[in-house]
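Open the structure in your viewer and keep the selection panel at hand. The stops below go from the sheet to the helices and then to the cores.

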Amino acid sequence: MASEEQVRASHILIKHEGSRRKASWKDPDGRIISATTRDAAVRQLHALRDDILAGKVRFEDVAARHSDCSSAKRGGDLGCFGRGQMQKPFEEATFALKVGEMSDIVDTDSGIHIILRTG
């Protein structure tokens with residue numbers, strides 16, 4: 001399981017026009033991603049986060065349906081990772097969470113995320 005130097009997390013990634021790779025399993029040509037502003041992506045992610053916090057939907061189900069990361073097929077699960085394996089803002093946010101806690105919006109070069117620390 002996760003040690004002091006390892007965490008386990010799931011995430012939901014929404015890509016936007018500023019993302020470094022403008023394609024995903026949902027949008028292989030990147031047409032939707034390229035037309036999505038960062039603000040629109042943030043609004044979408046805030047709405048999804050609110051629904052999760054309200055208990056209307058499960059994190060895993062939202063990730064499976066909405067995340068632009070290939071981890072969507074695993075409910076957003078990224079498995080265990082240590083320091084230096086993820087982009088710095090993502091790593092710092094994940095290590096700062098307690099197990100079972102969900103982050104607010106986290107910006108990386110990949111897009112915007114909400115992170116659920118699972119271990």
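Each stop names what to select and says what is there.

This is a predicted model, in which local features need pLDDT of at least 70, side-chain atom pairs count only at pLDDT 80 or more, and totals for chains, interfaces and linings use all residues. Residues are numbered from 1 along each chain as its sequence is written, and side-chain values use heavy atoms, with hydrogens and water left out.

**The sheet**

Start with the strands, which like the helices are DSSP runs numbered from the N terminus (helices: H or I, at least four residues; strands: E, at least two). Four strands make an open sheet, ordered S2-S1-S4-S3, with antiparallel pairing; two strands pair if DSSP finds at least two bridges between them. At the edges are S2 (77-82) and S3 (106-108), each of which pairs on one side only. From one strand to the next the twist averages 45 degrees.

Now take the pairs in turn. Between S1 and S2 there are four bridges; select Ser-10 and its bridge partner in S2, Asp-77. S1 and S4 are joined by six bridges, and here Ile-14 has Ile-112 in S4 as its bridge partner. S3 and S4 share three bridges, and a hairpin joins these strands through two residues. Thr-108 has Gly-111 of S4 as its bridge partner.

Colour S4 by accessibility next. Seven of its seven residues are buried, where buried means under 20% relative accessible area, exposed over 50% and partly exposed in between (1.4 Å probe, protein chains only).

**Helix H2**

Select 38-53, which is helix H2. Its 16 residues should span 22 Å at 1.5 Å a residue, and the end C-alpha atoms are 22 Å apart, which agrees; the expected span is 1.5 Å times one less than the number of residues. Ala-41, Val-42, Leu-45, Leu-48, Arg-49 and Ile-52 are the buried residues of H2. They cover an arc of only 130 degrees around the axis, so they are on the same side of H2; the arc is that of the directions from the helix axis to the C-beta atoms. These residues pack against S1, H3 and S4, with contact meaning heavy atoms within 4.5 Å. Just after H2, look at Gly-55, with its positive phi of about 80 degrees.

**Helix H3**

H3 lies across S1 and S4, at about 50 degrees to S1. Axes are lines fitted to C-alpha atoms, for helices over the stretch in contact, and angles run from 0 to 180 degrees between N-to-C directions. Its buried residues are Phe-59, Val-62 and Ala-63.

**The cores**

A nonpolar core is a set of buried Ala, Val, Leu, Ile, Met, Phe, Trp, Tyr and Cys residues joined through side-chain atoms within 4.5 Å. The largest has 14 residues, of which Ile-12, Leu-45, Ile-52, Phe-59 and Ile-114 touch the most other members. H2 gives the most to this core, with five residues. Apart from it lies another core, of nine residues, including Val-7 and Phe-90.

**Last stop: Glu-91**

Select Glu-91, in helix H4 (residues 88-96). Is Glu-91 buried or exposed? Glu-91 is buried, with a relative accessible area of 3%. Not counting residues up to four places away in sequence, Glu-91 touches Gly-82, Arg-83, Gly-84, Gln-85 and Met-86.
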